[in-house]
Amino acid sequence: MSLRIALVSDIHGNVDALEAALAEIEQAAPDRIAGLGDVVLHGPRPVEAVDQVMELEAAGALVIAGNTDIAVADGDYPAAFPWLDEVPAGHRAASEWARELLREEQLEYLRRLPAERRLSHGDELVLATHASPGSQTAGLPADLDAALTVQRVTRTDARVICCGHTHVADVRELGRKLLVNPGSCGYAFDGTPDACWAMLTLEEDGEPQAELHRATYDPHTSAEEVAARGLPGDVYRAATIRTGRYVR
């Protein structure tokens with residue numbers, strides 16, 4: 001028997017994008033859903049985003065935390081952004097804005113989310129992580145040095161590594177491992193503003209396979225909500241949502 005897992009990552013408070021992706025996922029009728037972190041920061045509706053993710057988990061979804069969930073829930077900016085010598089004021093302002101809006105039970109929910117989840121199907125082990133095995137911040141972009149890529153993917157015995165963080169959709173064979181990055185549902189960097197998600201299919205007697213999907217929605221509404229908020233950096237966040245390219 002096969003096991004089909006829908007993957008969603010990097011929602012970033014963009015509920016319109018999440019709803020578009022979930023509508024397609026519902027039509028596809030997967031066996032499980034996995035959320036790969038970064039639920040709230042940057043987007044216009046963090047409260048609704050957490051509510052929807054909590055509902056998904058209550059219905060059986062696997063959900064993990066991303067690095068920006070740490071920034072919002074706990075304000076630990078060096079932990080959330082360790083590659084930055086100085087965390088921009090805009091990151092702090094957006095994190096504090098979201099933290100003030102979220103209910104205490106929502107903040108506690110983000111705090112208790114695990115960094116990784118694993119599941120098995122037949123002989124195959126699947127790892128759900130935000131950035132790479134053992135890390136919520138060290139990602140696996142396609143242009144990463146090959147030696148560093150090998151170092152990161154070999155930190156797990158999992159046959160399939162499901163991750164996000166780069167905001168660029170990607171499916172790659174890395175030796176015997178399959179890397180599946182669904183891209184960003186609500187804050188894409190790869191040239192289209194569509195709501196990205198992926199379907200992973202595991203066969204008991206075959207090779208795992210993954211397909212990338214993009215649900216269309218109107219990004220201008222979310223972009224306008226962000227622009228109207230008036231926080232430092234919101235003009236760039238709005239442009240990113242609207243274009244699907246990282247604008248700063």
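How many disulfides does the count come to in this structure? In the predicted model, the count comes to zero disulfides. A disulfide would require a pair of cysteine sulfur atoms within 2.5 Å. The sulfur of Cys 163 has its closest cysteine sulfur in Cys 162, at 7.7 Å, and is therefore too far away for a bond. For Cys 185, the closest cysteine sulfur is that of Cys 196, and here too a bond is ruled out because the separation is 7.8 Å.

These cysteines can also be described by their accessibility. Cys 163 has a relative accessible area of 1% and is buried. Cys 185 is likewise buried, at 0% relative accessibility. Cys 196 is buried as well, with a relative accessible area of 1%.

Cys 196 lies in strand β9, which spans residues 195–203. Leaving aside residues up to four places away in sequence, Cys 196 touches Pro 182, Gly 183, Ser 184 and Cys 185, together with His 213 and Arg 214. Cys 196 and Ser 184 are 12 residues apart along the chain, and their C-alpha atoms are separated by 5.5 Å. Cys 185 is thus in contact with Cys 196, although the sulfur atoms of Cys 185 and Cys 196 are too far apart for a bond.

Strand β1 (residues 2–8) pairs in the parallel sense with strand β2 (residues 32–35), over four bridges. Within this pair, Ile 5 stands opposite Arg 32 of β2. A right-handed β-α-β unit is formed by β2, helix α2 (residues 46–58) and β3.

Helix packing was considered next. Two packed helices are described by the distance between their axes and by the angle between those axes. For helix α3 (residues 67–74) and helix α5 (residues 89–101), the axes come within 7 Å and cross at roughly 65°. The crossing of α3 and α5 is right-handed. On the α3 side, Ala 71, Val 72, Ala 73 and Asp 74 take part in the contact, and on the α5 side they meet Ser 95, Ala 98 and Arg 99.

How values were computed: Residues numbered from 1 in each chain as written. Predicted model: local features only at pLDDT ≥ 70, side-chain atom pairs only at ≥ 80, totals over all residues. Heavy atoms only, no water. Pairing = 2+ DSSP bridges. Helix = DSSP H or I, 4+ residues; strand = E, 2+ residues; numbered from the N terminus. Right-handed = clockwise from strand over helix to strand, strands pointing away. Buried < 20%, exposed > 50% of the residue type's maximum accessible area, 1.4 Å probe, protein only. Axes fitted to C-alpha atoms, helices over the stretch in contact; angles between N-to-C directions. Left-handed = near helix turned anticlockwise from the far one by under 90°. Contact = heavy atoms within 4.5 Å.
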